[in-house]
Amino acid sequence: MSDNEATAVDDLGKLGELCRRRGETYGLLARFYRSEADAGFIERLRGMRFPATTGNDALDRGYRLVASYLSRPDDGMLLELAVDYTRTFIGAGVDGHAAAYPFESVYTSEERLLRQDARDEVLALYRAEGLNKSAAWRDEEDHAGVEMEFLAVLCGRAADALEAGDGDGAAALLRAQHFFLLQHPLRWMLQLAKDMRIFARTDFYRGLAELTDGFLAVDRGFLDELLAEDEGGETGRAGDA
Amino acid sequence: MPLEANDAGAGSAAGDVRRGKAFAEGPDSPEACESDACDRTAKLMGRMNRQRHVLRAVLERCRTPRRLDDVRSAVDPVRERYRSIHTTESLMLLLEEAGALARVDADGGPYCPDGRPACSVVAIVDGVEYLEPAAAPVVRWCTTQAGLDALRDGGGRTPLVELFEREAAYLPVYKRVLELCARDGGASMPELAQAVDADPLVQNPRFYAAHFLNDLEACDAVAWAPNWCVTETGLEALEMLADVRDERGE
């Protein structure tokens, strides 16, 4: 293998590792949104390390808030988090403005209803990638947790492709992630994060708002830059002489 | 190291907790704070009358500072007899909110979660800084003065005296119910119903055995364990009714 080939393979490997870590972060966000925190999730979070300085203020704030909250005693924590999850995402009113409802349709439809165009669009995109709603999932497909999980799946596939040396396959997956991120999460989840800051009372869910804000911005910047380079022909070249 | 029992001596940290100084919010004076806590605790005990045995069990257990697991293991058996959606933990949080219970740290001083006492630890791996959740501080739960007052005020002869004065016409029925519950093994609901429901005294207005049972339970004279059994207070009630003649029960 020539030096150029070795460098290209090494670059793909590093990019693959980066995609895998991006996928893990999307997976973490998906878990935060999907349901109330349980003992297993808290234990998992307590065993993690969070970057102290990412270069993005919102991301740094988010990690600090979550890590500080996890440093508290267990007494009452799960109950407090269950109450705050309900307060933040479900609320107790009927006017459509009593919580930060984690559904894209609510934020992108005129009357703040569920099951609007956004839900149909994301479902079509999931199916285009061979995915469908699991029977165990009782909520809508445009739930924040599901959209984050979709991105986690795409990141994982991109990482697999890169590790296998399939630059073209990886590029297609990265473009799909970019498209989905711009057309869906970035159209509504920043407003969701703003609403979460109003309704959430624990640093755990306030931290989630910051993490969402920060990570979506960072990932968009990453994909913008990567795909701009790709258009210039620098990625997907493993195996070229 | 377990904390030792503290008799709320002047100047002690646990004593401060019991004097209501553990609260982050509320009026400035400790006396006003404690009075509010007493009111809130009384309202809580009234609102959750059906759970008062469990609430009292929590407050009893926490006379000395206890960890959550310790309180759960002592109180969960009591909860078995008074089923509800509330866990021991959620009841403890309600008591804390009312001011009857407070959290103390390892030194016995008030624990304030909102003061952010714990910071995440910075770890450096390969030259990169990371945040790690710090080890959680040890927290114990301690009954405050308001909680101790509630324990002292709950039950006893006074509610019974008030009940028997108010319901003087039905004293024979109360006596009958108490005597049945004082038997070995207590009394079941059907047995009480058979003894009470046909009594001419309860036909107009119409009352059933459950009405009298509820009144006695509210005064802690009877308890479900698992049949309806008389308590110490119930035995005192029987003494109070010694001169009452129950023709139907004889």
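**Backbone details and the interface**

Author: Asp220(B) has its place in the loop between α10 and β5 of chain B, where helices (H or I, at least four residues) and strands (E, at least two) are DSSP runs, numbered from the N terminus. This is a predicted model, in which local features need pLDDT of at least 70 and side-chain atom pairs count only at pLDDT 80 or more, while totals for chains, interfaces and linings use all residues. Residues are numbered from 1 along each chain as its sequence is written, chains are lettered from A and ligands numbered from 1 in the order in which they are written, and side-chain values use heavy atoms, with hydrogens and water left out.

Phi of Asp220(B) is near 65°, a positive value in a residue other than glycine. Arg115(A), in the loop between α5 (104-108) and α6 (117-128) of chain A, likewise has a positive phi, of about 55°, although it is not a glycine. Most residues other than glycine have a negative phi, and most peptide bonds are trans. Against that background, a cis peptide bond joins Asn204(B) and Pro205(B), with omega about 0°, and Pro205(B) is found in the loop between α9 (189-196) and α10 (209-218) of chain B. The peptide bond from Ala225(B) to Pro226(B) is also cis, with omega near -25°, and Pro226(B) belongs to the loop between β5 (222-224) and β6 (228-230) of chain B.

Turning to the interface, the contact (heavy atoms within 4.5 Å) takes 23 residues from chain A and 25 residues from chain B. The size of an interface is often given as the accessible area lost when the parts come together. Here the buried area, meaning the accessible area (1.4 Å probe) that two parts lose on being put together, summed over both, is about 1,800 Å² between chain A and chain B, with carbon and sulfur atoms giving 58% of it. Arg49(A), Ser71(A) and Asp75(A) supply 33% of what chain A buries against chain B, more than any other three residues.

On the side of chain A that touches chain B, the elements giving two or more residues are α2 (39-46), β1 (50-51), α3 (57-70) and α4 (77-90) of chain A, and the largest share, six residues, comes from α3(A).

Two strands pair if DSSP finds at least two bridges between them; two join β1(A) to β3(B) (residues 128-132), and five join β2(B) to β3(B). Tyr130(B) is the bridge partner of Pro51(A) and also of Ala123(B), whereas Leu131(B) is the partner of Phe50(A). β2(B) and β3(B) form a hairpin with two residues between them, and Asp126(B) in the turn has a positive phi of about 50°.

As for confidence, pLDDT is the predictor's confidence in each residue, from 0 to 100, and chain A averages 90, with 91% of the residues scoring at least 70. Over residues 234-241 of chain A the pLDDT is below 50, and beyond near neighbours in sequence this stretch has eleven contacts in the model. Where pLDDT is low, the predicted coordinates should not be read in detail.
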